[in-house]
Amino acid sequence: MQKVFIVGCGAYMDAGYGCPGEWRCLKAAALGEGKFGAPVQVMGFIRCECPGRTIAPTVGMTARLAEVKPDAIYFSTCLVDARPGCPYGSAEDLAKILETKAGVPVILGTHEYKG
Ligand code: SF4
């Protein structure tokens, strides 16, 4: 089973009611729904913090402390599909930076649950 990290938008997780890291990503990961395709083990759930510059070092520290190199990193659906969008850059740009630094694929989105 693949080991993954999930990165959520910390600004939304601080203020949102629409699942600030409570269940959607975790359910989709456990059941292999949405972008996961098959059940995976979530070994880290990381908050992006504005303006996003700490994502790569935070992911690196999570991997070090957890003693796990993830097979992939998933950006949460709330981070990728945010409306209005992140004022600091696109999820695609952030993903490219993280892919280069972490050396693992970054997948845009997690679940496809509505409501
Ligand atoms: S930088 Fe963008 S994605 Fe990251 S927490 Fe702030 S608003 Fe969310």
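An open sheet of four strands, in the order β2-β1-β3-β4 with parallel pairing, organises this briefing. The edges are taken by β2 and β4 (106–108); each has a single partner strand, so one side of each lacks a neighbour in the sheet. On average, neighbouring strands are turned by 25° against each other, direction ignored. The model is predicted.

**Strand pairing**

- Strands of a sheet pair through backbone hydrogen bonds, in either a parallel or an antiparallel way.
- β1 and β2 (residues 41–48) are parallel and share seven bridges.
- Within β2, I46 stands opposite V7.
- β1 also runs parallel to β3 (residues 72–75), through four bridges.
- V7 has F75 as its bridge partner in β3.
- β3 and β4 run parallel as well, joined by three bridges.
- Y74 has I107 of β4 as its bridge partner.
- Strand β1 spans residues 3–9, and six of its seven residues are buried, so the rest of the structure largely encloses it.

**Helix packing on the sheet**

- Helix α5 (residues 91–102) lies across β3 and β4.
- Its direction is at about 165° to that of β4.

**Nonpolar core**

- In soluble globular proteins, nonpolar side chains tend to be buried together.
- Here the largest nonpolar core has 27 residues.
- V7, I73, F75 and L79 have the most contacts inside this core.
- At least two residues of the core come from each of β1, α2 (24–31), β2, α3 (55–66), β3, α4 (77–80) and α5.
- β1 gives the most, with five residues.
- Neighbours within four places in sequence aside, I73 is in contact with V4, F5, V7, V59, L98, A102, V104 and V106.

**Ligand surroundings**

- The shell around the ligand is made of C9, G10, A11, C48, E49, C50, P51, G52, L79, C86 and Y88.
- By class, the shell residues divide into eight nonpolar, two polar and one charged.
- L79 belongs to this shell and is also among the core residues with the most contacts.
- C50 and P51 are both in the shell, and the peptide bond between them is cis.

**Cis peptide bonds**

- The bond from C50 to P51 has omega near 5°.
- P51 sits in the loop between β2 and α3.
- The bond from R83 to P84 is cis too, with omega near -5°.
- P84 belongs to the loop between α4 and α5.

**Individual residues**

- E67 lies in the loop between α3 and β3.
- E67 has a positive phi of about 55°, although it is not a glycine.
- With 7 other C-beta atoms within 10 Å, E67 is exposed, because a residue with 12 or fewer falls in that class.
- G60 is part of helix α3.
- G60 has 13 C-beta neighbours inside 10 Å, so it counts as partly exposed.
- G60 and A38 are 22 residues apart along the chain, and their C-alpha atoms are separated by 25 Å.

Methods. Residues numbered from 1 in each chain as written. Predicted model: local features only at pLDDT ≥ 70, side-chain atom pairs only at ≥ 80, totals over all residues. Near = placed C-beta within 6 Å. Nonpolar A, V, L, I, M, F, W, Y, C, P; charged D, E, K, R; others polar. Buried ≥ 20, exposed ≤ 12 C-beta atoms within 10 Å, placed from the backbone. Pairing = 2+ DSSP bridges. Axes fitted to C-alpha atoms, helices over the stretch in contact; angles between N-to-C directions. Contact = placed C-beta atoms within 7 Å. Core = buried A, V, L, I, M, F, W, Y, C linked by C-beta atoms within 7 Å.
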